[in-house]
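Dear colleague,

I am handing over the structure that we spoke about, and below it you will find my notes on what turned up in it. Please read them slowly with the model open beside you.

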Amino acid sequence: MTSALIVIDLQNDFCPGGALAVPEGDRIVPGINALMAEFPSVILTQDWHPSGHSSFASSHPGTSAYEMTQMPYGPQVLWPDHCVQGSHGAEFHDALNTARADLILRKGFNPAIDSYSAFFENDRTTPTGLHGYLQTRGITELTMVGLATDFCVNYSALDAAHLGYRVTVRRDLARGIDLDGSLAAAEAGMAAAGVILA
Ligand code: VGL
Ligand code: ZN
């Protein structure tokens, strides 16, 4: 059995001072760098939206950030503009050890569909290619850390569990946005899906 550490979206826009800042998002970086030494493979994900992305409130006149809207694929939170391709906000936090990564997986580049999960876009069917990558490398055990616990970490962990991976989320090395109780709901959902919350 081979394992990988998956570091979700540790980018400037999700850290204090960023466009969609997660409280204490930067505090987990040293612990994540240290944890990399315990894994044969490290994979980073990078939220990577074109400007004018359909998940941005600014793309829907009359709406504001953190409102819900209806997309062809289902309900979607509208976000402040964040992680725009090529911007400083889309870059990884300066202190993150990106040199250790075997793979940097970008997601959210489809203008019409958001992608919280590292495995599938928010239509729940369009694959990112990560499952094929992991399968061909024989990786069956995943530990996930990063941002945000209740969105991208949550969706990635649930998809991974459904795909048959053994999944651990290190709660101490993840931080949440917590919109209307979304953090508690995410943790309950992950536990119910068999994700180990460590
Ligand atoms: C994320 C909201 C929008 C995340 C990404 O990384 O959790 N959240 N885009
Ligand atoms: Zn995003």
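**Salt bridges**

Asp9 is buried, and Lys107 is buried as well, where buried means under 20% relative accessible area, exposed means over 50%, and partly exposed covers what lies in between (1.4 Å probe, protein chains only). Before going on, please note that this is a predicted model, in which local features need pLDDT of at least 70 and side-chain atom pairs count only at pLDDT 80 or more, while totals for chains, interfaces and linings use all residues. Residues are numbered from 1 along each chain as its sequence is written, chains are lettered from A and ligands numbered from 1 in the order in which they are written, and side-chain values use heavy atoms, with hydrogens and water left out.

Asp9 and Lys107 form a salt bridge whose closest N and O atoms are 2.9 Å apart; the term stands for a side-chain nitrogen of Lys or Arg within 4 Å of a carboxyl oxygen of Asp or Glu. Because Asp9 lies in the loop between β1 and α1 (29-35) and Lys107 lies in strand β5, this pair ties together parts that are 98 residues apart in sequence. The helices and strands named here are DSSP runs, numbered from the N terminus (helices are H or I with at least four residues, strands are E with at least two).

Lys107 also meets the side chain of Asp47 in a salt bridge, at 3.1 Å from N to O. Since Asp47 belongs to strand β2 (residues 41-47) and Lys107 to strand β5, the pair ties together parts that are 60 residues apart in sequence. Asp47 is buried, as is Lys107, and Asp9, Asp47 and Lys107 are linked in a network of salt bridges.

Another salt bridge joins Asp102 and Arg137, with the closest N and O atoms 3.1 Å apart. Asp102 sits in the loop between β4 and β5 and Arg137 in helix α2 (residues 130-137), so this pair ties together parts that are 35 residues apart in sequence. Asp102 counts as partly exposed because its relative accessibility is 39%, and Arg137 counts as partly exposed because its value is 38%. A search of the whole structure finds eight salt bridges.

**The sheet**

In what order do the six strands of the open sheet lie? The order is β5-β2-β1-β6-β7-β8, and the pairing is parallel; two strands count as paired if DSSP finds at least two bridges between them. The edge strands are β5 and β8 (196-197), each of which pairs on one side only.

Strand β1 is largely enclosed by the rest of the structure, because six of its seven residues are buried. β1 and β6 pair in the parallel sense over seven bridges, and Ala4 stands opposite Leu142 in β6. Five bridges join β1 to β2, which run parallel, and here Ala4 stands opposite Ser41 in β2. Five bridges also join β2 to β5, again running parallel, with Gln46 opposite Arg106 in β5.

**Helix α3**

Helix α3 (residues 149-162) is mostly covered, with eleven of its 14 residues buried, among them Phe151, Cys152 and Val153. Its buried residues pack against β1 (2-8), β4 (74-77), β5 (103-107), β6 (139-147), β7 (166-175) and α4 (182-192). Just after α3, Gly164 takes a positive phi of about 100°.

Thr149 has its place in helix α3 and counts as buried because its relative accessibility is 4%. The side chain of Thr149 reaches the backbone nitrogen of Gly176 at 3.4 Å. Leaving aside neighbours within four places in sequence, Thr149 is in contact (heavy atoms within 4.5 Å) with residues including Asn154, Ala174, Leu183 and Met190.

**Ligand 1**

The residues around ligand 1, meaning those with a heavy atom within 4 Å of it, include Asp9, Asp47, His82, Leu147, Phe151 and Cys152. A polar side-chain atom of His82 lies 3.1 Å from a nitrogen atom of ligand 1. A backbone N or O atom of Leu147 lies 3.3 Å from an oxygen atom of the ligand, and a backbone N or O atom of Cys152 lies 3.0 Å from an oxygen atom of ligand 1. The protein covers 100% of the 260 Å² of accessible area that ligand 1 has on its own, as computed by the Shrake-Rupley method with a 1.4 Å probe.

With best wishes

Technical notes
Polar contact = N/O pair within 3.5 Å; in protein donor to acceptor, adjacent residues only side chain to side chain.
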